[in-house]
Amino acid sequence: MARIMAVVGEAGRRLGLRTAQRPDIAYGVKDGYLVQVAAGNADGSACAVEIVRYVDATRDAAVRSAVLASDAVARGTIKPGHLQIGDGLAIHRRRRRLFRSVEADRVVNDVEALLASVKRACPSPPVACRLCGSTSGNEPMLLNDVVDRVCPSCIERLRHDVRRASQQYDDLPLNLPLAVMTAAVVAGVAALAWAGIAVATNRMFWGVAIASGALIGYCTTRAVGRGGVGVQCVTGLFTVISVVLGQALFLAWQVHKHAQTRGLKVDWKVFAGYVPSLLWVDSGSTLFALGGGLLGAYYAVRKAAKPKLEVKVETTESPRLPTSPSRS
Ligand SMILES: [Zn+2]
């Protein structure tokens, strides 16, 4: 990540952009358009995110056609699959080439190619607040990490909207009995699947345990219609129960088979009492199953989390020197 930040910084300097308070984003105005380069992620590895904001969302289709018709796409330096155009934004993710890092040269070329295409399709946006058109919002800034122009009163309104949305989410009724019932049913099914797969293959699969946790979280959140801490607790608890139950069922099957070959009958009541100690004796398998289940529960719990709502604003302006020009 340190390397990609250096590349972003270097590309930003060459493009005449300013760096934000954080070193991983550079942004500014180029030929009248809002431009940004930032360190990001694509397919799990570091990439450079290149953004041109032309603001007018009605020009999205025209911008897309212009970019697709550009030389950069024809030469293959910009791949259509790495583009994202919409809502007045043209975004390209410059991925690493195999065994090589992203180079500042390429990032600069990408931004210039993107900008040239945008210019052909859409006039430069007015120097004003994107939301209300007020000229008090004429300084470029970062709104939730994307370059933008928004005036202070619109930011205040956005913050208010987010607070209200967050409050509304918290106020949604949580049907805990339904959450518990759904989690219990899915946990039961997952336990049977775990035992069934263990019986069929005589092996335990990490992936099955993870999938159980994820499935329990997904179904519970869907059934209740919201996530949050309550749903997360129910999900985590039932994932552990599911995995332990599945493991107990697998043990029961082994005992049953063992008894059958000797013509014995199993007293299941007595067996049930022995389950904890059996799980303890076979602690390696139990821990393996539990580890997978907990990992699944972690995914499930993340899935069941309350959506993150925020309005984050960053500028490069120094509060003491509001009129100082950016250093070159
Ligand atoms: Zn405004």
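This is a predicted model: local features need pLDDT of at least 70, side-chain atom pairs count only at pLDDT 80 or more; totals for chains, interfaces and linings use all residues.

Let me begin with E50, which is buried yet has no salt bridge. The nearest side chain of opposite charge belongs to R94, and it lies 4.5 Å away.

What does the side chain of E50 make a polar contact with? The partner is the side chain of H92, at 2.7 Å. Beyond its neighbours within four places in sequence, E50 is also in contact with a set of residues that includes Q36, V37, A90, I91, V107, D110, V111 and L114.

E50 is found in strand β4, which spans residues 45-53 and is mostly covered, with 7 of its 9 residues buried. On one hand, β4 is joined to strand β3, residues 33-42, by 9 bridges, and the two run antiparallel. Within that pairing, N41 has A46 as its bridge partner. The hairpin of β3 and β4 has 2 residues between the strands, and D43 there takes a positive phi near 50°.

On the other hand, β4 pairs with strand β6, residues 89-95, again in the antiparallel sense, over 7 bridges. In this pairing I51 stands opposite I91 of β6.

I turn next to a separate sheet. It is open, has 3 strands in the order β8-β7-β9, and its pairing is antiparallel. Because β8 (146-148) and β9 (313-314) stand at the edges with a single partner strand each, one side of each is left without a neighbour in the sheet. Strand β7, residues 141-143, pairs with β8 over 3 bridges, and L142 has V147 as its bridge partner.

Finally, a helix. Helix α7 covers residues 206-224, and its 19 residues reach 28 Å from first C-alpha to last, close to the expected 27 Å. Which residues of α7 are buried? They are V208, A209, I210, S212, G213, I216, G217, T220, T221 and V224. These buried residues pack against α6 (176-201), α8 (229-261) and α10 (283-303). After α7 comes G225, with a positive phi near 85°.

Thank you for your attention; I am glad to take questions.

Note on methods: Residues are numbered from 1 along each chain as its sequence is written. Side-chain values use heavy atoms; hydrogens and water are left out. Buried means under 20% relative accessible area, exposed over 50%, partly exposed in between (1.4 Å probe, protein chains only). Helices (H or I, at least four residues) and strands (E, at least two) are DSSP runs, numbered from the N terminus. Two strands pair if DSSP finds at least two bridges between them. Lys and Arg count as positive and Asp and Glu as negative; His and the chain ends are not counted. A salt bridge is a side-chain nitrogen of Lys or Arg within 4 Å of a carboxyl oxygen of Asp or Glu. A polar contact is a pair of N or O atoms within 3.5 Å; within protein, one must be able to donate a hydrogen and the other to accept it, and residues adjacent in sequence count only if both atoms are side-chain atoms. Contact means heavy atoms within 4.5 Å. The expected span of a helix is 1.5 Å times one less than its number of residues.
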